[in-house]
Amino acid sequence: MAAPWQAEGPGEMQGMRFFRQLGEQLRTIYQGMSRPRRIALVVLSSGCVLAMLAVGLYVFQTDYQVLYSGLSAEDAGAITAKLQTQGVPFRLSANGTTILVPAERVHQLRLDLAVEGVPSKGKGFELFDEMNVGMTPFQQHITLDRALQAELARTIMQIDPVVQARVHLVRPEPTPFIREQKPATASVILKLRPGAVLSRSAAQGIVALVSRSVEGLTPENVTLVDTSGRILSQSPSDTPAPVTTQMEYRRDLEMYLSHRAEEMLAQVLGPGRAVVRV
């Protein structure tokens, strides 16, 4: 059945007449322009449209913030895989070691990933929650070593400028059949923030932390190494020369100034977008 005819109201007729007259006037004005003015009008109109589109994109674009930074390749791969599974958009920066996600989802994603144990920092004393009743003394000894190593690594990674840390402990298993037990030893490898240098006081603090956290371990038996292979620990018997002390003071001052400048620039440019050298 044909739709019933509906008469247009007076308001609709006046509105259509207004727009028709406006279109005719604009057409008359455009036809009365010279060719250069027509080109200028088209360029100006196109520029206005592009400017409005740019403003709209800037206003409605998604704000990305850092979810995690300074990640290893394994942790970055595990996190991105979980984000893809959940359908969360993300971006990578700093050679894939920093992951950015929409700002409104940062805190919830950190909680969700922490529950799943990502990024992995190793299990500490949580290992004893998984112990079986029939574990041998040797297995218990190894489990305690693994727990101590993970807990120490977690604590060391809270020290600036340490990004990652691994701790290796060698604790001889106590036995009544050996009169003289070998001393316990420890090796700590550190990955520092790019461009950062670990100060002497921080290195001594890490050595003291490790030695006093493990029974029978002395500071002399703790070796501190960075990822470039440089030994950062120093024997207490070694007395630094005055020149070395002055150089280290200057280095620490340069590190402090560059770090402060990077923090100020990061507030304006965003994290990871500024590098300062003094």
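The exercises below work through charged residues and their surroundings in this predicted model.

**Exercise 1.** Describe the surroundings of Arg171, leaving aside its neighbours within four places in sequence.

*Solution.* First locate the residue: the loop that holds Arg171 runs between β4 (162-170) and β5 (185-192). With the sequence neighbours within four places left aside, Arg171 is in contact with His141, Leu144, Asp145, Leu148, Ala184 and Val214. Among these, Asp145 also has a side chain joined to that of Arg171 by a polar contact of 2.5 Å.

**Exercise 2.** Examine the salt bridges Glu151 forms with Arg154 and Arg230 forms with Asp226, and classify the accessibility of each partner.

*Solution.* By the rule for salt bridges, a side-chain nitrogen of Lys or Arg within 4 Å of a carboxyl oxygen of Asp or Glu, the count comes to four. For Glu151 and Arg154, the closest N and O atoms are 3.5 Å apart; both residues lie in helix α5, three residues apart, which is about one turn of the helix. Glu151 is partly exposed at a relative accessible area of 21%, and Arg154 is partly exposed at 25%. For Arg230 and Asp226, the closest N and O atoms are 3.1 Å apart; here Arg230 is partly exposed, with a relative accessible area of 41%, whereas Asp226, at 6%, counts as buried.

**Exercise 3.** Work out where Glu262 lies and which residues it contacts beyond its neighbours within four places in sequence.

*Solution.* Glu262 is part of helix α7, which spans residues 242-269, and is buried because its relative accessible area is 18%, under the 20% cut-off. Beyond the neighbours within four places in sequence, Glu262 is in contact with Arg193, Ala274, Val275, Val276 and Arg277. For one of these, Val275, the C-alpha atom is separated from that of Glu262 by 6.2 Å, although the two residues are 13 apart along the chain.

How values were computed: Residues are numbered from 1 along each chain as its sequence is written. This is a predicted model: local features need pLDDT of at least 70, side-chain atom pairs count only at pLDDT 80 or more; totals for chains, interfaces and linings use all residues. Side-chain values use heavy atoms; hydrogens and water are left out. Helices (H or I, at least four residues) and strands (E, at least two) are DSSP runs, numbered from the N terminus. Buried means under 20% relative accessible area, exposed over 50%, partly exposed in between (1.4 Å probe, protein chains only). Contact means heavy atoms within 4.5 Å. A polar contact is a pair of N or O atoms within 3.5 Å; within protein, one must be able to donate a hydrogen and the other to accept it, and residues adjacent in sequence count only if both atoms are side-chain atoms.
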